[in-house]
Amino acid sequence: MTDTVISIERLCVEFDGAHVLEDVNVQIHAGDVIALLGPNGSGKSTLIRAILGLQPLDHGRITLFGTPLRRFKQWQRIALVPQRLPGASSIPVSVWETVLSGAISPRTRWRPFSRAEKNAAIQALHDVDLWDRRHSRLDTLSGGQQRRVLVARALASNADVIMMDEPTAGLDAANVAALARLLGELKAKGRTIIVVTHEIDAIESLVTRAIVLAPSEHHSVQYDGPPPVPNTFAHDHHHHHDAVIDEAPPVIGMEP
Amino acid sequence: MTMIWDFDFMRRALLAAALVGLIAPLIGVFLVQRRLALLGDGMGHVALTGVGLAFLLGTAPIPTAMATAALGAFLIEFIRYRSRTAGDVALALLFYGGIAGGVLFASLAPGRASSSLNSYLFGSLSTVASGDLWALGALVVTVLLILLFFGRELFAVSLDPDIAQVQGIKVRAMSTLMAILAAIVVVVGMRVVGLLLVSAIMIVPVAAAQQVTRSFRATAALAVVIGVIASVTGLVGSFYVEAPPGPAIVIIALACFAILAIVAVPIRRRRREHS
């Protein structure tokens, strides 16, 4: 439990002079299941993008598996579950192709997919209970099913660290439950999981650590510890989210 | 058909058309997925400057156009990367420059160069020399080898560039590779289909195929079938009606699109009932 997989020190990120992330110091250890919480604009997605090298840093440093981000090469150890794939709506892409694409990497350029890689994709599709839909066009599946396909895609990559961007946003109760069950299995396998979310309730029992971000002049991290999040930090967005759930079902794909 | 096969120039033109029909949709499928359907169009315009330059300098058109189009590919990717907002205006400028440069250089060239520019704009049955065929063959083999090794990475980038980068894929290098592949297709297609319509043979077969397919691989395969059918029958048709082949090929590809649009309705309905 003490292996540090992601180390973030004094991280600052600015957009056009606005401080999105201020002085973030977080150590993430192997086996952690982290809920990254905070209202819109608090920098949750920016933090994830920074960890993945998609967002330039203004200050601070990030280390992945002991290697500085700039020199990190073992990207197969990290997988991101996005909310959707922008390219999957213009040309038909099958569920199977989507899941198997998790195994694509420059390392495998000179050979076809191995038996092991295909088996991992097959297993992943069974894990998310969508094996029967493997030949379907991805964009003909429901929002919840598509999200499960993207989770399967991350599973097929056999990564040690799995990051999920708002995995439960817009899902119905059944799909949220399926996702929570899947997270439980991943946790049991010792994977490190980081879930960006507005809503911790569905997965609270699995979460080992909650990190709450908020816009701030000094420190973006408002709380970093085991759940439940103390009310002083959770108050605002909890109420906001309850309102969304009660009054109108969220629409898939609306979150930025 | 025996009549057509009797002419050496028609045999060469048919082979060249089949090669274009084969590789153009294979590149087009990535362009459509990345929403870059017009990239091939622009590349054709840039290649025209190469043709004009070849007339002016007396060099061979295919290598000169290839060099210009490849340079254009780098420029386009550079512009797209550098200026997110003004990107399409910058691209438009490059494309206008391509056509203007081509026509200008060709009219400055000695002899009847500017009148033969027409055959590069809309394609021609009689301009494929046997040396050209070897050059086209080499370019097609190059494209197929690149796709064999880099196809999966190009696919990942076109699904989601951010995710692809997290998979360790060099996204910018792949984007540039994509633009260069489009440039090669433009040059392969310029003799038979012509530079103004060559991008249609990249895009229309893909647009037609994706109406009835369910996977990327099947879309690419069906698009290639449509591409080859349209290129070959369009070429044969243009021989009989004595029209330039480019427009004939594109009209047949569009007809394939229309037919598949009609066929797609019952297919989709049945699939919905199935799932």
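**Exercise 1. Find where A:L141 sits in chain A, and work out whether A:L141 is buried or exposed.**

Step 1: A:L141 lies in the loop that links α3 (115-127) to α4 (143-156) of chain A; helices here are DSSP runs of H or I with at least four residues, numbered from the N terminus.

Before going on, note that this is a predicted model, where local features need pLDDT of at least 70, side-chain atom pairs count only at pLDDT 80 or more, and totals for chains, interfaces and linings use all residues. Residues are numbered from 1 along each chain as its sequence is written, chains are lettered from A in the order in which they are written, and side-chain values use heavy atoms, leaving out hydrogens and water.

Step 2: The relative accessibility of A:L141 is 5%, so A:L141 counts as buried (under 20% relative accessible area, 1.4 Å probe, protein chains only).

Step 3: Leaving aside residues up to four places away in sequence, A:L141 touches A:V95, A:L130, A:R133, A:S136, A:Q146 and A:V149 (contact means heavy atoms within 4.5 Å). A:V95 is 46 residues from A:L141 in sequence, with 9.0 Å between their C-alpha atoms.

**Exercise 2. Describe how chain A meets chain B.**

Step 1: Count the residues: 37 of chain A are in contact with 30 of chain B.

Step 2: Now look for salt bridges (a side-chain nitrogen of Lys or Arg within 4 Å of a carboxyl oxygen of Asp or Glu). The rule finds two across this interface. One salt bridge joins the side chains of A:R49 and B:D162, at 2.7 Å from N to O.

Note on methods. Helices (H or I, at least four residues) and strands (E, at least two) are DSSP runs, numbered from the N terminus. Buried means under 20% relative accessible area, exposed over 50%, partly exposed in between (1.4 Å probe, protein chains only).
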